[in-house]
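Please read the following note beside the sequence and the three-dimensional view, taking one point at a time.

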Amino acid sequence: MASIGKLNRHQAKMAYLFITPTMVLFLVFTIIPVVMALFLSFTNYDVVSRMDFVGVDNYKRLVDDSLFWQTFKNVFYYAIVFVPLNILISLLLGMLMNFKRPGVRLFRTMNYLPTLTSAVAAATVWIWLLHPEFGLVNGILSYFGVVGPAWLAQTETAMLSIILVTLWQSVGSNMIIYIAGLQGIPEYLYESAKLDGATAFDRFRYITWPQLRPTTFLVSTMSIIGALQLFDQAFVLTQGGPGNVTKTPVYLIYQQGFNQLQMGYASAQAFILALAILIFSFINMRINKSEESII
Amino acid sequence: MKTQPSRLGRSSIAASPAVSYRTRAAAGNALFYAVSIAIAVFMFLPFFWSLMTSLKPSEDIFSIPIRWLPSEVTLEHYRQAFTTVPFGLYFWNSLVLAVAGVLANLFFGSLSGYAFAKLHFRGNTAMFRVLLAAMMIPGIVTMIPSFYVLKHFPLFGGNDLLGGGGNGLLNSFWGIILPGASGSFAVFFMRQFFLTLPSDMMEMARIEGCKEFRIFWNIYLPLTKPALATLGIFTFQAGWNSFLWPMIVLNDPDKATIQMGLQAFSYNYQTDYGPMMAGALIAILPILILFLLLQKYFVQGIAFTGVKG
């Protein structure tokens, strides 16, 4: 008995050694920052001068900061269009690409290619595609006699352009997730439904959609969290313009914190954004749960 | 290859006398291909267009109506991209950062993933749960405090023991590598894989007097090669494509990554679309090559993120 206890103790000691690097890095670069995030938002930290505790001053200032709320409005508009479209297109694409036909793997690969690109490279390419005079998009539109807008320079189309580019970049990987989800649905469900005379729409409504709920929950959660933290594409495609209509909270926090060095204030903004992400993830969770009880 | 059996199945059905069924199947097929091709063309067009632009002589680029193919192929824009800015250096910097990220995550991720999956110790589940929960924290929360931690990292970059005086790990590659060196995702991913491996090999090796680290390194780790490949590709892609964090940490132009270089190029040379497209394609190329070589592992990785939900 004693030797087994000794062996286990040795094993535990080695296990602690194995996880030490991970846990130390986790402590330094996750736990400490999370605790500090709240703390910094109550200070006037600006990298150069002395850091003082300023109470809720940052939050008071934030209430009247119209640019801050404008960025929230922008990103909500973006998320409200992007997230449902992302789910819908990925799901339809997943269903289409789940058919077993010759060549389907090639189509999957083509749809997946955009997800490999970095946000910066994709945005750079799309700046050129959306060029008002010489761009491919307006060039193709002109075949149909349509004069395309200056996509990135007009207030009405700038955010739509970002939505288009981010959709192009994200539906491919969500398509793969949906295909994996679809392949996990047992075949006999469809067979028995067919025997009972269920139409294709019924089968989707009562088998596919409910069976895919965990997948949809994952895809929607990830796209909400990603959408509310939109930065790269807005930074490269439009630099937040025209007239701040594509400036996002992360963009503002970056400028406030790292260009103007008002890190205390930027921390307060980041905290409010994190709160918004939490609330929307929670709402999304409730929607996914409530659906369960209906069906 | 996988489509073979179902094709046989379909043709045997189609051979049955029901003509209406056959025409419906043909219409379904036609619809499938029409829609799939249209979507694939849309998805691929930006790649095609940027490639064509990068190979066109400048006068072809600005033409109305648009010109689909170059009148003559030139590599001038690629030469320009590499000479106007040090693109080769940026490429190298990104490669170093991405490869270091991959190696660190593969090693630390599998080491602690193995411990969480196979070894018994107090606090195993609790610590693992905390790691897992941390994956839900949005990046924006830790952005500014992580900067603070890097800046005040003791004994580095001219800092004293209390983290004052210098710039810490800012403006060094360590500031990118260390925060992501053992991501929660890597630990979680490897743990799930180690759980699928049997434990009796471990018992046997212990009876033979094998050291714990050797059991991990020589017996279990070689069995996880497919998982390591998937995780490696994932980490490489994330490292290569990351933009905001390197931009915050690295100020020295000589340390800029390819994404930062590309962004600066497209901002500073706003009408040089030829070199811009050449640069964008170069920034995409390594991932594209990896993908074409190791497609299977990419897809497995994403399917895994789907399973965990």
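**Notes on the model**

1. A:L261 is found in the loop between α12 and α13 (263-294) of chain A, where helices (H or I, at least four residues) and strands (E, at least two) are DSSP runs numbered from the N terminus. Phi of A:L261 is near 60°, which is a positive value in a residue other than glycine. A:L261 counts as partly exposed because 15 C-beta neighbours lie inside 10 Å; the rule is that a residue is buried if 20 or more other C-beta atoms lie within 10 Å of its own, exposed if 12 or fewer, and partly exposed in between, with C-beta atoms placed from the backbone.

2. Please keep in mind that this is a predicted model, in which local features need pLDDT of at least 70 and side-chain atom pairs count only at pLDDT 80 or more, while totals for chains, interfaces and linings use all residues. Residues are numbered from 1 along each chain as its sequence is written, and chains are lettered from A and ligands numbered from 1 in the order in which they are written.

3. B:N171 sits in the loop between α7 (139-151) and α8 (174-177) of chain B, and it counts as partly exposed because it has 16 C-beta neighbours inside 10 Å.

4. Another backbone detail to look up is the cis peptide bond that joins A:G241 and A:P242, with omega about -15°. A:P242 has its place in the loop between α11 (232-238) and α12 (249-259) of chain A.

5. Taken as a whole, chain A has 13 helices and zero strands, and 42% of its 295 residues are buried. The radius of gyration of chain A, taken over C-alpha atoms, is 25 Å, whereas a compact globule of 295 residues would have one near 19 Å; the globule rule is 2.2 Å times the number of residues to the power 0.38. Chain A is divided into domain 1 (1-40) and domain 2 (57-294), with bounds that come from an automatic or database domain assignment, and the centres of these two domains, taken over C-alpha atoms, are separated by 37 Å.

6. How many residues of chain B are in contact with chain A? The number is 75, and they touch 75 residues of chain A, where two residues are in contact if their C-beta atoms, placed from the backbone, lie within 7 Å. On the side of chain B that touches chain A, helix α2 (residues 19-55) of chain B gives the largest share, 12 residues. The residues of that side divide into 54 nonpolar, 18 polar and three charged, counting Ala, Val, Leu, Ile, Met, Phe, Trp, Tyr, Cys and Pro as nonpolar, Asp, Glu, Lys and Arg as charged, and the others, Gly among them, as polar.

7. A:L136, which lies in helix α6 (residues 136-143) of chain A, is buried because 22 other C-beta atoms are within 10 Å. Leaving aside its neighbours within four places in sequence, A:L136 is in contact with A:L129, B:W49 and B:I66.

8. The unreviewed UniProt entry places the feature "transmembrane region" at several stretches of chain B, including residues 30-49 and 128-150; its positions are given in the numbering used here, feature names are shortened, and annotations may be inferred rather than shown by experiment. Over residues 30-49 chain B is 100% helix and 0% strand, with the end C-alpha atoms 27 Å apart. Over residues 128-150 chain B is 83% helix and 0% strand, and there the end C-alpha atoms are 25 Å apart.
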